[in-house]
Each structure stands twice: as C-alpha cells, then as structure tokens.
Amino acid sequence: MRSQVTRHVLRRPPAARGLATPISHFGSPATRPVFHACPIIGCRVVRTAQRRSFFKLFQRPPRTVRDIEAEPGYEVLLTYRAAENQNLRPPSTPDLVQAWRVFFAHKEQHNRVVNSTQAMCAHRVLEYLAKPDITDEAGLSLEDLHMAMRCLEKPPRDDPRYHLDFSRALFRVLRLREENTQPGTVHNVTLDYRLRASHGRSKYLRSFLVALSQYGQALEAKDIFLQSLADTGFRPERSLFPVLNGLAKEGREEALCEVAGEAIKSGVPFDVGVHSVMTTFFAQRDNFEQTKFWWAKELGKGQHPSPLAYYHILQFAIRNNQKEWAMEIYEDLIAQLESGPLSESKACWDVSYQFAFLLLGRGIDQIEHMFTVALDHTKNKPKAQPNIGSINSLIKCAIDKDDSYMAERFVSLSEKLGFEPDASTHILQITYRLHAKDYEGAFTAYQALQNLDISLTERQLPILNKLIRDLCASSRPKYEKILDLASYLEQRHITLEPETVVSICTVFMKNDETHEVIDTLSLHTAHYSIDERQTVRKSFVDYCLDKNNSMARVWDAYALLRQFFPEVEIEDRVLIMDAFFERRRPDLACHVFGHMRSHDNPRYRPTADTYVRCLEGIGRCPDEEPLRMIHNMLKMDTTIQLNTRLYNALMIGYIATDESQRALDFWKQVTTSSEGPSYATLEIVFRAYEAQAYGDTSARELWAKILKMEIDVPENVYASYLTALAAHSHLPDVKLLLDDSDSIIGQRADMLTFAHVYNALPSKEMKKEFETWSQHDYPQLWKVLTEKFPRRIDGDGLSQFKVSRPWKA
C-alpha cells in the first residue's frame, strides 16, 4: 500500500511551499529527486539530502518514498529471462522451482491475474525445466504445473497469445507426465498423435479447454471436446459450459449448435447453464426462431431458466416487438410463483419485478405494491422474500434504460422498505451517477461502499477505476478524493488499470505532487505486462511533449519516465530531446542524450542519426558546454563511424557557438575523406565563411571551384553563398548573382533567399539600398515577402525579417 506519511493530507499548493526552484546550468532542478539506474524490479527513487536551518528544525521530515513492490518469485523468473537473452548462466534449478511455486501460489491465493509478460517468462522457465538434463533434478511436480494452469484461467487485460502458448506447453508437459513418457524418446509427430488420442483420460483437460475457449481457440476446444466424448474416462458435463461460452463469445453459431447437440445425445443433461448460453446467444442476435426453440427446450426436473436468460429474453422481446410472446412467459412465471414450484425461488421473484417494470411499464408505486404483496405471499418463506437484491435488479434495468431518476427512486424505495444496501447497490449507484455526471453523488456512494468493509469482486473494479478517472478528468480535481479512492483499492492489493494510473499520474504531476506519482508507479507498474507498461509510458512521453506544461514539471516527468521505464524506445527519447531544444534548453536536451549514451542496453543507445539530430538541435539553440559534452561522447563511442553527415553536424554545432574556425577544420577532413562533401556540406561551409572574418575570400574560391567543376547548384547552396557575400558587404555582387539566378539554379530566387540576404547585410544603409533595389526590380516578390514575414529590430538596431534558417546535416 502507499506510504502512510501524509497519506490523507495533501501538501500546500506549489506557490505556498516554494517548490518552483531554479534549474541549474545542466538542467537538474536543485531540490528535485536524483535518480540512479537500478534493475527494473528493485528501482528506488532516492531524494537528495536536504539541509534545514534552525528555524526549520520543527518542520515535518521529508516524506518516505516507497520501493517498487514486485510479486514474490517474479524477480527470479525475470532474471532467468534476462540471462537467456544475454546468454548468461541462469539461476539454479532449485531457485527456479521455488520461485515458480511462490509466484503461482501468490497468484492463486490473492486471485490475481497473470499478465502476458509474466506468462511469457514462466513459459520460458517451463521449457528450461522440462529439458531431459534438467528433469533429473528435483523439478516441478504435477501440482505445481496444474496450479499454473488454474492461474491462467483468469484472462489478462491485454493480448492473451502468451497465455495460450503457455497453456499448451503446460498441458503437454502434464500429459507427458501422465503417460510417463520422457521427452525425446519418441518422435514428436508420433508422440503428439498418442497424446491427442488419449486427451479424454486426462484430469487436466478441463483447464486446457477453458484456456482454449477463453483465448480465441474455441474451435480447437470444440474438436477436442467432441473427440473426447467417446472416451469412457471423460466427464463432458465439467467441460461443456466453458466450450459453449467460448464458441458463443467468438460468434461460432454452427459449432455452438453442434457441440450442444452432440453433448445432449451423449447423455449430458440439458441444465440451466447450457440453456442460458444457448438462449442468450440467439437472443442477442435477434434470431427469433432459434431463441424460441432453445427457450422452450425442457430443463431437468426442479430446474428453471436463469435470471440472466430471463433478462435477455425480456430485452430481446422489447427490441423486436415480441411483447405478446414475452407476456406469455411472464404470465407463466407469475402462475408458477403464486402456486407452482417457483414460489420459493427468490431469483424468479426478482425477474417478475423486472418484467413488470420493463415490459408492463409499472411505476414506482406499483412496484412497491408488488413488493408488499410478495412480502405477504412469502412470509413463511424468508429466503424467497424481496430484499436489497430485488432492488438491485431493478436499478440495473433503470441503468439499461438510461433512466438515472428512476434508479434513484428505486434506492429511495429500498430505504422506505428497510432494505439495507449492499456492495452491489453502491456500485450500481456509482454507475448511474457517473453516467449522469454527478461526481459528488458517485463519491458519496463510494464512501458508503467503503464503510461496508467487504471484499470487492472483479466485476466491481472497472466502475471504481472509472470513478477515479472521471474525478481526475474534472475541471477542478478533488485530490483528497482521488487519493482516498486509490488508497482504498491499494490497501486491498488491487492493481489499478493502466488508464487509471495514467489519469492519477497526470493530475498529480499538474499539481506538483511528485511523491504521489512515485507511489502510484511503485505500487502498480511492476504488476503490468509490457503492453500495459507501454500505455503508462506513452502518457509520460506525451506529457513531456506537451508545450503547455512547465519546464520543471516536464523535467520531473522525464526523470520519473527514465527511472520507472528504462525500456523507453529511443524514438521517444529523441522526441523528448527535441522538445527540450524547442524550449531553448539545450542543457536538458543533452542530458537526455547522455542518458541514452549511458544506457545499459545497447538497443537504447544513440545511433549516428541520433548524434546528428542532437547536434542539429544545438545548432538551433547554441550552447558551448553541451556541444563539447556531445563531441566528447562521440569521440569515445566506438560503435559510431564518422562520416560526412556527422562532420556536417559537428560543423553546425561549432558554427552556431561562434567557433567557425573549428568547423572549417571538419571541412578539411570531409574534403580528404573517401565519401567527400555533400550539398548540405557546401551550404554549411558557406555559412561558416559567413561568420568568419575575411571569409568572403574563401567563399569566392569555393564558389569558383563549384562553377569550374560544372556541378549542379541547388537553391540552398546558392542562397548560402549569397548570404555569405552579403554578410561581408558585397552587395553589388549579390545583386548581379540574383539577376543571374536563372542561369545558375535554373529558376528565379525565392523570397526566402531575399530575406536571408537582407538579414545578413551589416548596415542600415545597405539594407535600405537592397530594399529599394528589390522594390524596383522584384516588386511582387518583395511585396509578398513583407506581407508574409514581419520585421523586428535586433540588438544592434538593425531591421531583420522574422524568418528562420534551419540547419540540416
């Protein structure tokens, strides 16, 4: 659970507590947490030591930060997977077996879902432990394997393909143990045939059929089920229901009817479960003939249709205008309730109230009268009397009708009748109040649920997650309420949905409640699969890229992202680096680059393209110290081979930081390399000459060589040469070259070329002369230029067009 220090008391607002601290030269806010690279499971966020003066002696000490809580045994499974990937020695067999037992026992005890990443890691461990040279040691028992299969019966939130593969592997190992066959002693094809032929005798078949049916392979489950019907040791009644459910879920109508028909022929009783699946399947698809057929099919003695089947029949009749048929069902139900075998069935009494409300349109007073009659009719049958469950069934009908007002009236009726609300009542209240955007009312219902102090079911968790998300999404979030809800679930060892964690983290980051974000991530991310972690990770990346967030908050978010998600893709890291460049913080951007450079996994280290992108960013936001840091990293990086593009990028960085002479040293290395210069190199070199004293002479020499070699001159190189001449006051030459642009580049110079030349001219007189000449010789172009790009006055008092000159290596 969360740290209990200041659990229910939020800290003061940011302005009051002075949290907006200045950021040092290299970007680490002075009092922000310092993050150390640790393994993903053992991460800890370590706060910097804080100094307190005498006057702060009696203040509350800094809040304790929670460690990441991993499930027992999982770390060993992860260690094996990492060792396998890196071709290292795995943990010992006893350690793996013990980790397996502890991990799945914990899952079974706490009724927790095995996520897809955990299933994948456990599958790899199983394959290792099933090897002939390993099985000689004390390995996994049949119960260990079956316990894992039982845990896999709970479907994950994300892609179940790893669960399916793992279930197949587990069942195969179990079958080999049952048949007392060692792997490798029989050809695989022959062995698979033998195992398939005797599946029906396996006591583990039901768990395997449940897995196949849940994870998209219901047709395969159907084939195994039908094949096993002929086996005398097979008990089809235990496996029929999950197979039918899987086929219904996948919409396999023909296969569904085939399995049901064959099972009934083989002597499997047509019970309530089968009746409910078949009736519901066809009712939901508005198939009137089949719905009537399966509804009318006789059940076993003493059995009656399930409340769920009744409810789907009622909805079907209303949708398809079959009210007369539904009335027949209702009248028959009432007759059996009043004097027949259903008089003691509380579930059927509740169904009658639903029919009265939805089919007959009875109001609250008539429903109350029905309750009074039922209470009198069943006074000698206490188990059949109306209670809060009856009210809950009516509230559900009101929710399905999108009638929140009627749902509230049913709640009021329960109070009038003296029915004590239960957990389902409060969950239904939260549901319809959220739908009506009554967040205060929904939270009040949650508080009533909290006071019951009962265990929550899987069906109740999604609505509580939605309540948290809706509270976070409100225009003025109530932080105390969000923390109250999150703590309530966390104290019950419930893992929040990834989308809920995203909402909590986002709202608390915007309120500078970094410790709450750390607690949330520590408690939940270790229980997520790779895909679920990606959901949270992506939200942090988006937060860092949001220009509406302050610099300090973005840096905090990035620090947490790097700490809790070391698997952040290099593409996202580069986007964050670019975002800091856009914020004019090259120091922070280069820190992001440095974190990539020092990553333990080579997959996340910078490539040549990443170096180029970082140096281009420094070109946009010049800073000498980050430039030297990146250059030193490049020198020490043995995985990077210098090429023309990298030299171009280095030239960009040094030109931008007013070291054009150093940039020209790289130009010399390019000219002597086997690859040689590119057009981008020529443009960059002209820009170096533009910034260098007496660079006009070198620029003219290079231009003469280009013309002599009869190289096609692109517009960007041409514009860069003109700008270099303009910067050195050669305005007459610039005018001649502009007039001659058709013969040089094959087209008229565009307005950006004129803008760059104008900006490069070093005096007011030259700018005025160039403007007068442009207005006379190129009036239309100059008019468009002045209309599209406004002008400003720079620090030297010279007029400049507001146009950018992008660097491109």
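Which classes, nonpolar, polar or charged, do the residues in the lining of the largest cavity belong to?

## About the model

This is a predicted model, in which local features need a pLDDT of at least 70 and side-chain atom pairs count only at pLDDT 80 or more, while totals for chains, interfaces and linings use all residues. Residues are numbered from 1 along each chain as its sequence is written, and side-chain values use heavy atoms, with hydrogens and water left out.

## Cavities

Rolling a probe the size of a water molecule over the atoms shows where empty space is left. A cavity is a set of points, on a 1 Å grid over the protein atoms alone, where a 1.4 Å probe fits but cannot get out, and its lining residues have an atom within 4 Å of a point. Grid points are joined across faces, edges and corners, and a volume is the space filled by probe spheres set on the points. A search of the whole structure on these terms finds two cavities of 30 Å³ or more.

The largest cavity has a volume of about 50 Å³, and the residues that line it are Met509, Asp512, Thr514, Arg553, Asp556, Ala557 and Leu560. Three of these lining residues are nonpolar, one is polar and three are charged, where Ala, Val, Leu, Ile, Met, Phe, Trp, Tyr, Cys and Pro count as nonpolar, Asp, Glu, Lys and Arg as charged, and the others, Gly among them, as polar. Helix H28 (residues 551-564) gives the most to this lining, with four residues; helices here are DSSP runs (H or I, at least four residues), numbered from the N terminus. The second largest cavity, with a volume of about 30 Å³, is lined by Ala680, Glu683, Ile684, Arg687, Pro806, Trp807 and Lys808, and this lining divides into four nonpolar, no polar and three charged residues.

## Two packed helices

Two packed helices are described by the angle between their axes and the distance between the axes. Helix H9 (residues 205-214) and helix H11 (residues 236-250) pack at an angle of about 10°, with their axes 8 Å apart, the axes being lines fitted to C-alpha atoms over the stretch in contact, and the angles running from 0 to 180 degrees between N-to-C directions. H9 is therefore roughly parallel to H11, a term that covers angles under 35 degrees.

Contact means heavy atoms within 4.5 Å, and among the residues that make the contact are Leu209 and Val210 of H9 and Pro242 and Val243 of H11. By class, the contact of H9 with H11 has four nonpolar, four polar and four charged residues.

## Two buried residues

Threonine 525 lies in the loop between helix H26 (514-524) and helix H27 (530-545), and it counts as buried because its relative accessibility is 1%, buried being under 20% relative accessible area and exposed over 50%, with a 1.4 Å probe and protein chains only. Apart from its neighbours within four places in sequence, threonine 525 is in contact with Arg533, Phe564 and Phe565.

Methionine 406, in helix H20 (residues 404-417), counts as buried at 9% relative accessibility. Not counting residues up to four places away in sequence, methionine 406 touches Phe357, Gly363, Ile364 and Ala398.

## Two exposed residues

Lysine 437, in the loop between helix H21 (423-435) and helix H22 (439-452), has a positive phi of about 60° although it is not a glycine, and at 61% relative accessibility lysine 437 counts as exposed. Glutamate 710, in the loop between helix H36 (695-708) and helix H37 (715-727), has a positive phi near 55° and counts as exposed at 71% relative accessibility.

Technical notes:
1 Å grid on protein atoms, 1.4 Å probe; cavity = no way out; pocket = protein on both sides within 12 Å on 5 of 7 lines; lining within 4 Å. Parallel < 35°, antiparallel > 145°, perpendicular 65-115°, else oblique.
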